[in-house]
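Dear colleague,

I am handing over the structure we spoke about, together with some notes on what was found in it. Please have it open while you read on.

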Amino acid sequence: MSENPIYTPFFGVMGVTAAMVFSAFGAAYGTAKSGTGIAAMSVMRPELIMKSILPVVMAGIVAIYGLVVALLIAQDISPNYTLTASFAHLGAGLSVGLSGLAAGFAIGIVGDAGVRGTAQQPRLYVGMILILIFAEVLGLYGLIVALILYSRGNAT
């Protein structure tokens, strides 16, 4: 008889769900908000459309962070899954998911305002890129913490 309760996999599955859902919400918001700015800007300056796609790409990368962690956690759920590992995996999923949500919001807001501003003043482009990088790094920090938590869950 196993010493782990029957609900042990629930927390691991919730980690997978949190990683994927929250990071996808962040990426979707970042894409939608930046896309709105691109559409508004393209009326005035259609030649800048391809240059302004960068916030949408950066928002999509946030979803990839969540996907990577979700796949890592999902492959570890097995009959000998421990309660300690499931809690560590829940923490990993929440870490990457919620930081991805925050990063997606930041990318969307900065991308929208930055793209519109760049249409009026092209010198704003470099500043927009730097701010977008700092927003993207928030999701990367969550990924790093999630990978550490994931490895600690496997060490038990």
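Before the annotations are brought in, one caution on their use: UniProt positions are given in the numbering used here, feature names are shortened, and annotations may be inferred rather than shown by experiment. Please also bear in mind throughout that this is a predicted model.

With that said, the unreviewed UniProt entry carries the annotation "domain: V-ATPase proteolipid subunit C-like", which covers residues 14-73 and 90-149. In the model, residues 14-73 are 85% helix and 0% strand, and the C-alpha atoms at the ends of this span lie 10 Å apart; for residues 90-149 the figures are 95% helix and 0% strand, with the end C-alpha atoms 9 Å apart.

The same record, again as an unreviewed entry, places the feature "transmembrane region" at residues 6-32, 53-74, 86-112 and 124-150. Among these, residues 86-112 are 100% helix, with end C-alpha atoms 38 Å apart, and residues 124-150 are likewise 100% helix, with end C-alpha atoms 39 Å apart.

The buried residues of helix 2 are P55, M58, A59, V62, A63, Y65, G66, V69, A70 and I73, and what covers them includes helix 1 (8-44), helix 3 (83-120) and helix 4 (124-155).

Turning to the packing against helix 1, the axes of helix 1 and helix 2 are 8 Å apart and meet at an angle of about 170 degrees, which means that the two are roughly antiparallel. Helix 1 contributes residues including G12, G15, A19, S23, A27 and S34 to this contact, and helix 2 contributes P55, A59, V62, G66 and I73 among them. By class, the residues of the contact divide into 15 nonpolar, eight polar and no charged.

As for helix 3, its axis comes within 8 Å of that of helix 2, and the two cross at roughly 175 degrees, so helix 2 is roughly antiparallel to helix 3 as well. The residues in contact include M58, Y65 and D76 of helix 2 and H89, G93, G100, I107 and V115 of helix 3. This contact has twelve nonpolar, five polar and one charged residues.

Note on methods:
Residues are numbered from 1 along each chain as its sequence is written. This is a predicted model: local features need pLDDT of at least 70, side-chain atom pairs count only at pLDDT 80 or more; totals for chains, interfaces and linings use all residues. Side-chain values use heavy atoms; hydrogens and water are left out. Helices (H or I, at least four residues) and strands (E, at least two) are DSSP runs, numbered from the N terminus. Buried means under 20% relative accessible area, exposed over 50%, partly exposed in between (1.4 Å probe, protein chains only). Contact means heavy atoms within 4.5 Å. Axes are lines fitted to C-alpha atoms, for helices over the stretch in contact, and angles run from 0 to 180 degrees between N-to-C directions. Angles under 35 degrees count as roughly parallel, over 145 as roughly antiparallel, 65 to 115 as roughly perpendicular and the rest as oblique. Ala, Val, Leu, Ile, Met, Phe, Trp, Tyr, Cys and Pro count as nonpolar, Asp, Glu, Lys and Arg as charged, and the others, Gly among them, as polar.
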